[in-house]
Structures are given as structure tokens and as C-alpha cells.
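Q: I'd like to learn how to read helices and strands in a model. Can you walk me through this one?

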Amino acid sequence: MATIPHRDAYVDAVLPDGVTRVGNGAEPSCWFDHAHLAAHSRDVDVVHLHVGYGRLDAAAMEAWSEELQRQGVPLVVTVHQLHAPGAASPGPHDAHLAAVLGIAEVVLTLTPGAADDIAERYGRTAIVVAHPSVAVADPELGAERGLVGLRVGASSASVPDVGRLVRAAVSGAVSGGGRLRLLVEEADVPALDPAIPAMAEAGQLELVVFPAAGWVAQLQQLHVAVLPEPCGTHSRDVEVCRDVGTRVVAPSCGWFADQWSEVVPYSHDEQGGVDAVSLTAAIGAALIRPMPRPADRVWRDGQREAVRQVHAEVYAQVAGDRSWA
């Protein structure tokens, strides 16, 4: 089979045993190339597209969908992103989704709220599968009670006023008896707002620069992680926090709270942005709750196997229905 993207932590986690991926890690995927698809259509039983990765524009996606149909290659789609973060208009992303959902044999998504939205907007019934474990807690690494973490940089790029977000997080951490640690990946340091280091020098917050490979460890050290990401169907960082035992404060838009009962929402919508008062209150509320324990590994491993089994059954069904004529 072919997966788009070819490799990714989520794609790797849900792929059933015994399934062989065909292709390479090129971006955009070689399977988006019409000539490659025509030449190798008989090399694959199924193409599984994870929407939110390697996005083509709407016209190109519609043409690609038509080529898949011409070649008789069945398509499975997992919807990871129902909205395009930071887009001036939802139109292009909606058209992109409509093109692939219109021909998909099976549609998957990760939260009940997202499935309801897909049914309402596109008339498709989506199978809801849980987000599998993508991290393991380090038994040698402890968490600090009262420590609130907020990542600035790539994850907060769609937030129009990062300074306002940071000030609200500082207020929430202090009012809850804790402190704020700003987390900045090494690659994001050059683009960092100069006001943020100034706040750190003034003692208002702690600034920590970390390598990309150290993100899970940074989350594990927190009592509360504030997610500034845009509205979405789900969040991988919510699952990492569940795995390592860190409470989450996340936007109320989208369906992050559908993923895990330990998520404390704050008001955030795509038109009005972040409600600073709500964020401050949510952090304070999260801090008075006990720190969750890392996820039970036996349960998480069993959950991942169940998700893989769903994928195996879907692949077997669509491959069995394929016409090779």
C-alpha cells in the first residue's frame, strides 16, 4: 500500500503488521505525481491519505482524485485537519477536502466531534479511531508541581498576538501559585520576539531553549502544558501529555477535549482569537488539580493494537473490493 505521508509518528503507529509501504519519503509524495501513479498503480492495493500533510491546491487535488479513479486505486482518507490554520479563507481547504472525501472508499477521523462535522459538511460517515500512543514517559524524569509550560515559535505561529498570549499565561501561572516556563525550539530562536527574552531577564518567566528531539522530555517536566495551537480535530501533543502525565490547557474550539478528560479548555475561536481572561482562569483551574499519572502502558499498547486492527480491516475490505479490470 501507499501512505501519504510515507513516514510519520502517527502513520507508523497505526500501520498494521504485515502491511508493506511502497514509495519513498519525498515531499510532495511521489504518489501525487500522475505519471508515477499511472506507472505503479498495480503495485499498490490501497492509497491512504492523511489530510493535513503534503497538501496540494484544490484544483490539483481534484485532478489527482480523478486520476486515482481512472487507475482504479481505492482511497482511504484520515481527516487530521478540518480547518486550514491561519488561512484567510476556508474555501480552498474545504475544496481540497471535498475532492478527496468525494471519492474515498472509507473515511477515518480521531474524535466524535470531527466525525459529526464531516457528516454535516461533506455528507460522509467517518469511522472514529483513537489517537494511539506516540511517546513513553522517562522513569528517570520528574515533573515540577506548579510549573506551567507554553511553547512559542512554530506552534504559536497562527496566534496573532503572542505577547498577549504570554502575558495571560504568566498571569494564570502566578495566580495559581505556580510559574511559567516558555519553551522555544532551537530553530525558532532567531524569530523570537525580543520582548520575550526581556520578560525572562526581568524575572517574569523562565525561558528554555530545547532541541527538537527533546520536546517530549520538556512536556514531561510540567504540571500543566498550555497548547496555543489553532482549532483542530485533535492534537498530537495532547496524546504526548497523556502518555507522560501532564495536564493540558487547550483551545475550546475544535475537539481537543474529546481526546482526554484531563484537558481544561480556554476560549479561543478562529474569528476572535484567544480570550486572555479565559486562558488565565483555565491555567489557574488546571493548577489546583493534581498532576495526572503517566498513561498505563498495558492499556495504551492494547489501544494501539485495536487501532491497527481497525486499519487492517479497512485495508482488507477496500483492497478486496478493488476492480483490476
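Q: Which strands does helix H5 (residues 112-122) lie across?
A: Contact means heavy atoms within 4.5 Å, and helices (H or I, at least four residues) and strands (E, at least two) are DSSP runs, numbered from the N terminus. Here H5 lies across S3, strand S4 (106-109) and S5. H5 runs at about 175° to S5; axes are lines fitted to C-alpha atoms, for helices over the stretch in contact, and angles run from 0 to 180 degrees between N-to-C directions. By the way, this is a predicted model: local features need pLDDT of at least 70, side-chain atom pairs count only at pLDDT 80 or more, and totals for chains, interfaces and linings use all residues. Residues are numbered from 1 along each chain as its sequence is written, and side-chain values use heavy atoms, leaving out hydrogens and water.

Q: In what order do the 5 strands of the open sheet come?
A: Strands of a sheet pair through backbone hydrogen bonds, either parallel or antiparallel. Two strands count as paired if DSSP finds at least two bridges between them. In this sheet the order is S1-S2-S3-S4-S5, with parallel pairing. Strand S1 (2-4) and strand S5 (126-128) are the edges, each pairing on one side only.

Q: Which residue stands opposite Leu182 in S7?
A: That's Leu150. Strand S6 (residues 147-151) pairs with S7 in the parallel sense, over 5 bridges.
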